[in-house]
Amino acid sequence: MKKLRPFLSLVLVLVTTLLVSCSTPNKAKVPTVYTPEKIEQLQLYRAPIAQAREKMSILEEFINQENWVDTRTFIHGPLGELRQAMGSASTRLLQKDQKPSKAIAKELFSHFERIDAAAKDKNYSVAKAQFLEAAKDFDAYLDLIPSNS
Ligand code: ZN
């Protein structure tokens, strides 16, 4: 029994060291992973963006029909709110994801502006090409927001 004591105290020291090293650094550091709570929170911001992505099929249909009036109305209407939704979502991502998500959103809107200009010129091929680019950027943006589904 006497010989066990130094061993036990060594174990105690090790356990204490482990506990301390596991619990303290996280609070000071910038989070690098999404916790389940954070992911849950983000769904509130992700939902309207995912909905807008689904509505892109309506825009595609307008372009395919060369319906330039509705194409432009759509870009200035429903998609107008998207900018704000993306702004809110981007600032709630992990620090490392904020810059890329803002950059992708900016690019996405430059494609929308080019679709708008192409619609004004009644230029189907440019409108279609820009739509495909926009769809790609839209997906890349959504990929940056963790989803719980
Ligand atoms: Zn792009």
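**Quick tour**

Modeller: Of the 149 residues in the protein chain, 33% are buried. Buried means under 20% relative accessible area, exposed over 50%, and partly exposed in between, with a 1.4 Å probe and protein chains only. This is a predicted model: local features need pLDDT of at least 70, side-chain atom pairs count only at pLDDT 80 or more, and totals for chains, interfaces and linings use all residues. Residues are numbered from 1 along each chain as its sequence is written, and side-chain values use heavy atoms, with hydrogens and water left out.

Colleague: OK. How many helices and strands does the protein chain have?

Modeller: Seven helices and zero strands. From the N terminus the order is α-α-α-α-α-α-α. Helices (H or I, at least four residues) and strands (E, at least two) are DSSP runs, numbered from the N terminus.

Colleague: What share of the contacts with a separation of 6 or more comes from residues 24 or more positions apart?

Modeller: 78% of them in the protein chain. Contact means heavy atoms within 4.5 Å.

Colleague: Now the metal. Which residues coordinate the zinc ion?

Modeller: Glu107 through OE, His111 through NE2 and Asp137 through OD, at 1.7 to 2.1 Å. In sequence the spacing of these donor residues is E-x3-H-x25-D. Histidine 111 sits in helix α6 (residues 95–120) and aspartate 137 in helix α7 (residues 124–144), so the pair ties together parts that are 26 residues apart in sequence.

Colleague: What counts as a donor?

Modeller: N, O and S atoms within 2.8 Å of the metal, or 3.2 Å for Na, K and Ca. Water is not among the atoms, so sites may look incomplete.

Colleague: Are histidine 111 and aspartate 137 buried or exposed?

Modeller: Histidine 111 is buried, and aspartate 137 is buried too.

Colleague: Which residues line the second largest pocket?

Modeller: Pro48, Gln51, Ala52, Lys55, Phe74, Pro78, Leu79, Glu81, Leu82 and Ala85. Helix α3 (36–64) and helix α5 (80–90) each supply at least two residues of that lining. The largest share, four residues, comes from α3.

Colleague: How do the lining residues divide into nonpolar, polar and charged?

Modeller: Seven nonpolar, one polar and two charged. Ala, Val, Leu, Ile, Met, Phe, Trp, Tyr, Cys and Pro count as nonpolar; Asp, Glu, Lys and Arg as charged; the others, Gly among them, as polar.

Colleague: Which residues of α5 are buried?

Modeller: The buried residues of α5 are Leu82, Ala85, Met86, Ala89 and Ser90. They cover an arc of only 130° around the axis, which puts them on the same side of α5. The arc is that of the directions from the helix axis to the C-beta atoms. On the other side of α5, Glu81 and Gln84 are exposed.

Colleague: What do the buried residues of α5 pack against?

Modeller: Helices α3, α6 and α7.

Colleague: And α4, which residues are buried there?

Modeller: In helix α4 (residues 68–76), Trp68, Thr71, Phe74 and Ile75 are buried. Their arc around the axis is only 125°, which puts them on the same side of α4. Val69 and His76 are exposed on the other side of α4. The buried residues of α4 pack against α3, α5, α6 and α7.

Colleague: Backbone next. What is the phi of glutamate 66?

Modeller: Positive, about 55°, although glutamate 66 is not a glycine. Most residues other than glycine have a negative phi. Glutamate 66 is in the loop between α3 and α4, and at 44% relative accessibility it counts as partly exposed.

Colleague: And where does lysine 122 lie?

Modeller: In the loop between α6 and α7. Phi of lysine 122 is positive too, near 55°. Lysine 122 is exposed, with a relative accessible area of 58%.

How values were computed. 1 Å grid on protein atoms, 1.4 Å probe; cavity = no way out; pocket = protein on both sides within 12 Å on 5 of 7 lines; lining within 4 Å.
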